[in-house]
Amino acid sequence: MRRYITLLFAALALCSCVKNEAEQGEPLVDVTPVNLAGVWELTSFDNGATLQEGDYVYISFELTDRAYTIYQNIGTMYGEKRSGHYFVDTDPMLGAVIRGNYGTDEYNFFDWSHRYKVELRASTMRWTATDDSQNVSVYTRIESLPDALR
């Protein structure tokens, strides 16, 4: 009986993985600077939280020097722009993990407050904080930054 229950759970798990992949519509791609390059807009959180009207987060990954620039206005009265460098590591248990730093000048750099497991598709990516599985952000690739931020 245990064997049949185990097989049933294995079959259900496989079906749910196939269904989730089909629902996403796009296969996962490797997390590399080439595949990250471009502009991404924060579109949702998987923990049920939503962006407030007027809030935004955009992140632009450059192909050269692993540089990024983030534009955001969450938690501040005015928009902020931060730049720094990002690094992609491979964790044997988690897969691709992105981390980064930002600075006020060439001598003062600060690490991001989290490292994130990245699930990357051609037009979407999901970041899950490695130290807080409830901290999940979903980004959508866009053509370019809004004119107001350029």
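Reply: The lining of the largest pocket is made up of 12 nonpolar, five polar and three charged residues. The model is a predicted one. The space in this pocket comes to about 570 Å³. Its lining has 20 residues, and V57, I70, Q72, Y116 and Y139 are the closest to the centre of the pocket. Two or more lining residues come from each of the strands β1 (38-45), β2 (57-61), β3 (67-72), β4 (80-91) and β9.

β2 and β3 run antiparallel and are joined by five bridges. Five residues lie between β2 and β3, and the two strands form a hairpin. In the turn of this hairpin, D65 has a positive phi of about 60°.

A67 has H85 in β4 as its bridge partner. β3 is largely enclosed by the rest of the structure, because five of its six residues are buried.

Next comes β1, the strand in which G38 lies. G38 counts as partly exposed because its relative accessibility is 23%, and buried would require a value under 20%. Leaving aside residues up to four places away in sequence, G38 touches I59, S60, F61 and R141. A further neighbour to consider is E62: the C-alpha atoms of G38 and E62 are 6.7 Å apart in space, while the two residues are 24 apart in sequence.

That leaves β9, which covers residues 132-142 and includes S137. S137 has a relative accessible area of 9%, so S137 is buried. The residues that S137 touches are L42, S44, F45, M125, R126 and W127, again without those up to four places away in sequence.

To return to the pocket itself, β1 and β9 each give two or more residues to its lining, as do β2, β3 and β4.

Key
Residues numbered from 1 in each chain as written. Predicted model: local features only at pLDDT ≥ 70, side-chain atom pairs only at ≥ 80, totals over all residues. Heavy atoms only, no water. Helix = DSSP H or I, 4+ residues; strand = E, 2+ residues; numbered from the N terminus. Buried < 20%, exposed > 50% of the residue type's maximum accessible area, 1.4 Å probe, protein only. Contact = heavy atoms within 4.5 Å. 1 Å grid on protein atoms, 1.4 Å probe; cavity = no way out; pocket = protein on both sides within 12 Å on 5 of 7 lines; lining within 4 Å. Points joined across faces, edges and corners; volume = space filled by probe spheres on them. Nonpolar A, V, L, I, M, F, W, Y, C, P; charged D, E, K, R; others polar. Pairing = 2+ DSSP bridges.
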